[in-house]
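Hello,

Here is the structure I promised to pass on to you. Please open it alongside this message, and then read on for what turned up in it.

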Amino acid sequence: MQIFQYSLRRLLYLIPVMLGVSFLVFFLFNVVAGDPTPLLLGKNASAAQVAELREQLGLNKSFLAQYLDIVKSAFTFDFGRSWATQQQISDIISQRAWPSLTLTLPAFLISSILSILISLVVSFYRGKGLDISIRVLCIALMSISSLVYIIIGQKFLAAEWELFEISGYEEGFPYFVPYIILPVIIWVVLSLGPDIRFFRTVILDEVYQDYVRTARAKGLSEKVIFLRHVLRNAMVPMITYFVIQLPFLIMGSLLLENYFDIPGLGSEVVRAANSNDFPVLKAFSILFSVAYIVFNLITDILYAVVDPRIKLQ
Amino acid sequence: MKKFFMPLVLSMFMITTSCTKSDSAKVKADGSLEKVLNIVVGAKVKGFDPNQASDRYSGNEVARIYEGLLQFHYLKRPYELVPNLAESMPEVSSDGLTYTFKIKKGVMFHDNACFPNGKGRELTAEDFVYSIKRMADPREQSKGWWLIDGKIKGLNAWKEKSGKADKTDYSEKLEGIQAIDKYTLKFVLSKPFPQFLYSLAMPFTYAVPKEAVQKYGKEFINNPVGTGPFITGKYTQANKIVYTKNPNYRDEFYPTQGAPGDKERGLLKDAGKKIPLVDKLVVKIMTEEQTRWLNFKKGKLDSMSIPTEEFANVMIPGKGLSDSFKKQGIVERKVVGLDVTYNAFNHEHELFKNNKKLRQAMSSAFDRDSYNKKFYQGVSLAAQSVVPPNIAGHIMNFKGPYQNFNVEQAKKLLSEAGFPDGNGLPEITLHYTYSTKSRQMAEVFQQNMSKIGIKIKPTGVTWPELVKLVNTKQTMMFSMAWGADYPDAENFLQLLYSKNSAPGANGSNYSNPEFDKMFEKAAIMSDSPERTALYEKMYKFAAEEVPWVIGFHRVTYGLIHGWVENSKSIEFDHGMAKYKNINMAKKADLLKKL
């Protein structure tokens, strides 16, 4: 009941937040961005045609009316159609979210499991050679730009050594699998550096707590202490870290999707930005904000589930 | 754990190796191999509505599905119009105002759910009347309206009336476009416009069935239904479009005549054969250059333009294509663009108005050679005036008097203009559409001008901002390029016609009564030696007047795998995939060398 009340109150906070997000979106696209009609109509457009299109797109309305249109779409989730492709934006999202998730979800799961396992090992051997080597490796991995992994991976692993597909995507399982293996590997390599460093810190924070000393004094094995006690207590910051990443998964990866020709939401954002497709950009901005807020709420609720000492107020 | 892990790893490998929908050729029912043309597109394709096909990418895809009355001859140069859905070239009245077309009989639209029982119906003259009116429908916002704006009798009035009405009335008869009978179509123009026929070869004017527009509404753009040589299903904006050969395509044949040298180059090997020659087209949308390049090198794409970073490895100066590519059977293809780049003066600005010497000085101070090497690998052509090569009106070997880099001449002219060593000259703002490359280009121009004492302030803005600044005449100078809509010098010379001043195509607001007089005379002349002579006169006139600092006609190089046959460079390449062929035996052989 307490969780329900808390969730309801937090969801009500969405209203002022959405008004603010709508204002930001309005300010960016309707005030700052300039007139999109010349790009939409092409080089030969006449002034009369520009005026006609402005009227049809609602750009001649007062700023207040334009802002209210955005607010309306933010609360009804009816974002209309793309200016460029004339598709319903809801259709674009439903068609594109799946390819994005086929890349990001396995990548996220693999990188999360791997990084937790490795961070447990390095925490266990803290200060030893293995720990130091992995820390150095993590920093090395993080210091290289993601583009380098993509370009080198695509050029050597796919094109030269023919271990993977260079690019492409096929709808449906298992046809998409060969196309996502290399991007998944690159995502995992990119994530390992920051993830291991973060989890290692979180675990080490717990390792020096009194309850660990007590457990040792009670004669529990190090394995039991790590897996049953330390890991459980380290779950709270880990959950935050994971859940906050979930909305980013749906949005895909701009670079990976573009280089590997995966028709996901990430590549759609790039297309929309390149073609001044404001309705799509506005919809994505608003939906992403909503997703971020909702997933934040889920994180808070999960805290209480994982750690009964945390009270939701 | 081991028991579980090993089968998992093995199954992953099996999935990797077995589930790729292979690029290798499939065997057809008659035992021959399926011929697939793999085409790459470097940007997203908006969709399949001819009304919206303003960019080259969309135009190409539209033209695989839809067709127009006319098309460009695939092989002949200079470009020549030939019938496509028209039975023959039109009868034109002596006053140049009436064009009567006979259209081909028995041409069928693709089978589609928009027709009764899903069976495509026959194309009639009414389909063209509908499609042209659709270009004028204010509710459709056609990007091709400029092409027929003010040219077809009664159409502008109909457009205006439709804008005020609640609904567009397509049933209203117009004098300017009529279906005389099922197969006869008549256009009546409001004034002579010899370039009108080019309009009818452009994707904007291709025939669409009204049943499809009515059924799919806003989604018509994603549900292509035409009469063309290829068919595809609903477009979902995925990164691949697969077309299959239209089984009901009428009897159309590969041309039997070409330009000199075409026969020797093997371009007439398929002369007289029924088209399309391939079974399938796979259009792959790859926005990243590296992705395109790696796929091309592996033979997964049949052709592509040479990436900028790879140019020095691929094309050896003085030798052409490098041996390693030649050994793989790859051939190069040079494409001279029908375009011109320029840094325009705003002639309504006090500084440039009637100050020809200043304009000439700036043009003389522009070092085109080093600019060409820096930005175009040294292969583009320094423009001598406004009309590009391969169009009547361009003069081969003509040297513009102020197109050569000559600092001494530039300084002298600047002094004669009243600004010795740039003294008294204010800083000149040069607006350009922001990108890293265009910023560098503007900075090189700035350095060139500083050598004669002229201060340039490069200012990068977004494209919509630049259009706004140009249209409202708020620039001093701006960088621009113009690509041909059709192969006629008029399309370039109109950029200097005073009545096209901003917000029209003449964004530089150049105005010269003598030029206007020549333009107005040429604009109503049909293609003839007299008109070419007049175009050439205007070409020389513009070179002397320096309305802009004229830059380049851009040249690009493409690479094609040796198994692609009938590949000829054509600027207006929409609809031309039907002529391409694949030599399957050669492909099998060459793939081993990649």
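In which helix of chain A is A:Tyr179 found? The answer is helix α8, which covers residues 177-207. Before going further, please keep in mind that this is a predicted model.

A:Tyr179 has a relative accessibility of 7%, so this residue counts as buried, the cut-off being under 20%.

Another residue to look up in chain A is A:Ser100. Its place is in helix α5, residues 89-124. With a relative accessibility of 0%, A:Ser100 counts as buried too. Setting aside the neighbours within four places in sequence, A:Ser100 is in contact with A:Leu249, A:Ile250, A:Met251, A:Gly252 and A:Glu257, and also with A:Gly264, A:Leu265 and A:Gly266.

On the scale of the whole chain, chain A is divided into two parts: domain 1 takes in 2-76 and domain 2 takes in 100-276. The centres of these domains of chain A, taken over C-alpha atoms, are separated by 36 Å.

Now to chain B. This chain has 19 helices and 24 strands. Its radius of gyration is 26 Å, close to the 25 Å that the globule rule gives for 594 residues, so chain B is as compact as a globular protein of that length. The C-alpha trace of chain B spans about 80 × 70 × 55 Å along its principal axes. Of the 594 residues in chain B, 56% are buried. Among the contacts in chain B with a separation of 6 or more, 71% join residues 24 or more positions apart.

As for the surface, the accessible area of chain B comes to about 25,500 Å², and carbon and sulfur atoms account for 53% of it. Chain B carries 85 positive and 65 negative side chains, with the centres of the two sets 5 Å apart.

One helix of chain B brings both chains together in the story. Helix α15 of chain B, residues 463-471, has the buried residues B:Pro464, B:Leu466, B:Val467, B:Leu469 and B:Val470. What do these buried residues pack against? In chain A the partner is α2 (37-41), and in chain B the partners are β17 (428-433), β18 (456-461) and β19 (477-483). After α15(B) comes B:Lys473, which has a positive phi, near 60°.

Enjoy exploring it!

Best wishes

Conventions
Residues are numbered from 1 along each chain as its sequence is written. Chains are lettered from A and ligands numbered from 1 in the order in which they are written. Side-chain values use heavy atoms; hydrogens and water are left out. Helices (H or I, at least four residues) and strands (E, at least two) are DSSP runs, numbered from the N terminus. The radius of gyration is taken over C-alpha atoms; the globule rule is 2.2 Å times the number of residues to the power 0.38. Buried means under 20% relative accessible area, exposed over 50%, partly exposed in between (1.4 Å probe, protein chains only). Contact means heavy atoms within 4.5 Å. Accessible areas come from the Shrake-Rupley method with a 1.4 Å probe; for residues, only the protein chains shown count as cover. Lys and Arg count as positive and Asp and Glu as negative; His and the chain ends are not counted. The place of a charge is taken as NZ of Lys, CZ of Arg, CG of Asp or CD of Glu. Domain bounds come from an automatic or database domain assignment.
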